[in-house]
Amino acid sequence: MAPVAPKSGDAIFASVDRVNAELFTLTYGAIVRQLLTDLEEVEEVNKQLDQMGYNIGVRLVDEFLAKSNVSRCVDFRETAEVIAKVGFKMFLGVTASVTNWDAEGTTCSIILEDNPLVDFVELPDTCQGLYYCNILSGVIRGALEMVSMKTEVTWLRDMLRGDDVFELQVKLLKQVPEEYPYKDDE
Amino acid sequence: MIGVGKIKQYTNVLDRPLSKGKQEVSLSAFAFLFSELVQYNQTQVDNIAELERRLEDAGYAVGARVLELLCHREKGNRRETRLLGILSFIHSTVWKVLFGKVADSLEKGTEHEDEYMISEKELLLNRFISIPKDMGAFNCGAFVAGIVKGVLDNAGFPAVVTAHFVPVDGQQRPRTTILIKFAEEVLQREARLG
């Protein structure tokens, strides 16, 4: 049987159940607000958002692989392209672009012009160190870790802080070979 | 390209044009986010009542904002002053915008004058959630109850809103009912308005 060809991000987005982006935005805002009230320290909130994103990413990657039928990515370049074009489109309904590749091909920037998480949001002066969308960096990190890539994801540009786009830097730290949980000779 | 200027940067978020509200995200993205919300709150509390209260508080904030957004966008800034008006606003407009469909039913309580119920066969939120037996009657619909409470409170109709599971014959999963109990002053005002 011929392998099923990978579907484009648009096609998958059209086929999944969708929900109003504003509900999503407002729920995320409620989460960030709860974290700020409980934890009070902006750094702590950043870390907690990243951790939540990590938990989501770990489960999200299964759904992503199941719905999108992408074949195994040959290298990190392809991985980044797939995340930006298919992944973001499939879940958030927006397309991102990949730029700024370094010489070895291990670091790149994912640029988001449109971000449903930050509709209606303004950072007050008391929260200037907050990475409001830090959950996204956790999601990418968690998802890639489940496919054996250890990465570091940081924010380079943030629209809530006055920049014109959202820019995430994804750096591949190492490829972890898959370990089998059992020994062959047992 | 000649003639293409830089997109105007709005410094104040209130100056930006309001979106039409047609943008969508995938249901699974929302489900993941909501599950993280519930999981985080589970670590912060010791019992179910607290957990429901925290979810309700989160929903309250959402409700307050939804009311403002929808009043401005859908109703041209007209304010509801009658009880039935605000209830049907919630039952149709709010539900349609948030969940993509109007609520299944809106009923008036038979035992008490101040009780109304909005029912839904399966809340969008609860679709991917299963409650373990030891959590008893906990319902993640507390978040939706919070949204309704936020809308009502900010529209000037203070009420106590809770979410309950109601088993239905012939259906495997119970349906969810949002029970709204209005404060005394609301009923008095309603009676005065005639």
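Author: **The helix contact between the chains**

In helix 2 of chain A, the residues Leu23(A), Phe24(A), Thr27(A), Tyr28(A), Ile31(A), Gln34(A), Leu35(A), Asp38(A) and Leu39(A) meet Ala29(B), Phe30(B), Leu33(B), Leu37(B), Tyr40(B), Asn41(B) and Gln44(B) of helix 1 of chain B (contact means heavy atoms within 4.5 Å; helices are DSSP runs of H or I with at least four residues, numbered from the N terminus). These residues comprise 11 nonpolar, four polar and one charged (Ala, Val, Leu, Ile, Met, Phe, Trp, Tyr, Cys and Pro count as nonpolar, Asp, Glu, Lys and Arg as charged, and the others, Gly among them, as polar).

This is a predicted model, in which local features need pLDDT of at least 70, side-chain atom pairs count only at pLDDT 80 or more, and totals for chains, interfaces and linings use all residues. Residues are numbered from 1 along each chain as its sequence is written, chains are lettered from A and ligands numbered from 1 in the order in which they are written, and side-chain values use heavy atoms, with hydrogens and water left out.

As for the setting, chain A and chain B each bring 40 residues to the contact. About 3600 Å² is buried between chain A and chain B, with 61% given by carbon and sulfur atoms (buried area is the accessible area, with a 1.4 Å probe, that two parts lose on being put together, summed over both). On the chain A side, Val19(A), Leu23(A) and Gln34(A) lose the most area to chain B, together 17% of what that side buries.

Technical notes
Helix = DSSP H or I, 4+ residues; strand = E, 2+ residues; numbered from the N terminus.
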